[in-house]
Amino acid sequence: MSCCSEQTGDAAAVASPATGEGPQRFDTPEALAAYVERLRAGHDEGLLTVLVSGGTCGLAAGAREVFDALRDQFAEQDLAGRAVLKLTGCHGFCAQEVLVVVRRGGRETLYCHVKPKDVAELVAAGVAAEGPLERLLYRPPEDSQVRVAEKGQVPFYAKQQRRLLMNNNRIDPLNFDDYLLQGGYLALAKALETEPEELIGWIKQSGLRGRGGAGFPTGIKWELTRRNVESAFDGQEEDGHCYVVCNADEGDPGAFMDRSILEGNPHALIEGMAIGAWAVSGDTSAACRGYVYVRNEYPLAIEHLQTALAQARAANLLGEDILGSGFSFDIRIVRGAGAFVCGEETALIESIEDRVGEPRIKPPFPVARGLWGMPTTLNNVKSWASAVMVVDRGPEYFASVGTESSKGTMVFSLVGKVANTGLIEVPMGMTLGEIIEGIGGGTQSGKPIKAVQTGGPSGGCIPATMLDIGVDYESLTKAGTIMGSGGMIVMDETTCMVDTAKYFVHVGMEESCGKCAPCRDGLQHMHHLLDEITEGRGRAEDIDLLERIGKHIRELSFCGLGKTAPNPVLSTIRYFREEYEAHIEKKQCPAGVCKALVVYRIDAEKCNGCHLCFKRCPVDAIRGEVKGPHEINEVECIKCGMCYEACKFDAVRII
């Protein structure tokens, strides 16, 4: 839990050829603004641009090979000067990777499932000519004959509002000029010419709340930190230190929102942290320093962040006397060892200080005594990046979408048994049904939605009957779950809610730091009871006992992670109590997941003797001749479910 290592981010700065001027150093805000204007003046919006989705998911699907093949084709077709090729961050539609977008003027054509063997035809038909290449266009699952060329008309994208993720599919994250072309660091220049109190006022006015957990108002956090900085260092002859810290320790299963921003738009994080540093320490005697705590399992994110830090330093946007303002600020990377508890702010601080990642007693809160005992502002990746939007576009723009108490947009990783898995950004208040059906396309299997789990292991499960609730902090809390950092897992009727609760409790149990007994021992006891229930040894009183233990853990645990760890159990009992009762009283798992409670049988009237289940059975537990009825030897059956998956005639039943 305490293992971490510091990185200085001293990778070589990557020069950009957009202006032909080489790497730039900006000594004043005016110099930066003039350079951005020259970039824009030299940029041809009508130039054909080919964008390859190059996040971790895209690279895993072969994006690098597709990019290399496109580069070779560009050379063969002599497209230099007539077209631009970029390897960008994640475009979000992970279910369709590798994604290639061809932008011609204001039109974007989306190609899906692109492979290197498709590239020559794609360039010939969809790039060099007017195209498009029909067979690689998006195909809606409900109509195999339809093809959608325009990216904005694909339902996955059409119903989103991609503000924070906007640049992920526009820029090469290693190309500094690409970020500047989008107005990068102009918000920082604007902030440095603004009084810190006014700057904090903008953040408060925007309604921005923390995007990593409980949703604490970001402006209030900055304001409290500044007050403590002023109090701690007022009148001191020597500078003291305060800190701004980014929590990029994204530990929720299935969550990859922060990783995608770090991979695709790392300068947004850097700019946001620099703005926050000026807000909490500007015009004081405190020297502000920054840390990004990122898990070591994110090598691409770390690589891109290191490059971006080096570029920002070379351009005088980090370091001493930023833009000639007299303000100095720099950022270091700390790699975390992947302990889930280090997502809790005080445990994260302990880990940066090279101690065991255990939560501290609060109060004092980090805004008063945080990193090395100094005032510290700690926010999530999405929160820091959102601050850039607030300063650049104004608080009114940020607050123009969302609900009364939950402003702006929220980024979710939409995963599980949903057709369109991926990274999405929607206005706060959009209903779960609109997200799952409208953007996610329903379940991949076509079976009814059973539940949605939000907030990771600390969240809860919401039944399909409540898909009309809006996704905002208050509504989710009222429903027994949390927003968390943005994980959203869709489940269909083949999901066992008792087994799901057991899985998340196991995650909490394994990741508990063990500092307090309610979390350490309570989760172990809950997991034991859930194990007994799924194995067919549950007792009627176990359900009430689980509720009592969960409430005690929630009330008595030391930190926020312990207090929310029982949510998966409490929410599934609240909404799916009948499943717990079926496991205990009937010794049945309605979803057919818990092996100890499952029996597979073949309906002789439906079985046509296709012999497919016979061939798929790994232990030869199925008897029967071709074209004759089959049966399963229940003694030999290992309940793997292969026969159930193989049968195309619904003859294999789970009882």
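Q: Ala, Val, Leu, Ile, Met, Phe, Trp, Tyr, Cys and Pro count as nonpolar, Asp, Glu, Lys and Arg as charged, and the others, Gly among them, as polar; how many nonpolar residues does the lining of the largest cavity have?
A: This is a predicted model, where local features need pLDDT of at least 70, side-chain atom pairs count only at pLDDT 80 or more, and totals for chains, interfaces and linings use all residues. Residues are numbered from 1 along each chain as its sequence is written, and side-chain values use heavy atoms, without hydrogens and water. Of the residues lining the largest cavity, three are charged and five polar, while the nonpolar ones number 14.

Q: What is the volume of the largest cavity?
A: A cavity is a set of points on a 1 Å grid over the protein atoms alone where a 1.4 Å probe fits but cannot get out, and lining residues have an atom within 4 Å of a point. The structure holds five cavities of 30 Å³ or more. Taking volume as the space filled by probe spheres set on the points, joined across faces, edges and corners, the largest has about 190 Å³.

Q: Which element gives the most residues to this lining?
A: The largest cavity is lined by 22 residues, with Gly508, Ser512, Cys519, Leu561 and Gly562 nearest its centre. Elements giving two or more residues include α19 (517–534) and α21 (560–564), but the most, four, come from α18.

Q: Which strands are the edges of the five-strand sheet?
A: Strands pair if DSSP finds at least two bridges between them. The open, mixed sheet runs β11-β10-β14-β12-β13. Pairing on one side only are β11 and β13.

Definitions and conventions
On a 1 Å grid over the protein atoms alone, a cavity is a set of points where a 1.4 Å probe fits but cannot get out, and a pocket is an open set with protein on both sides within 12 Å along at least five of seven lines; lining residues have an atom within 4 Å of a point. Ala, Val, Leu, Ile, Met, Phe, Trp, Tyr, Cys and Pro count as nonpolar, Asp, Glu, Lys and Arg as charged, and the others, Gly among them, as polar.
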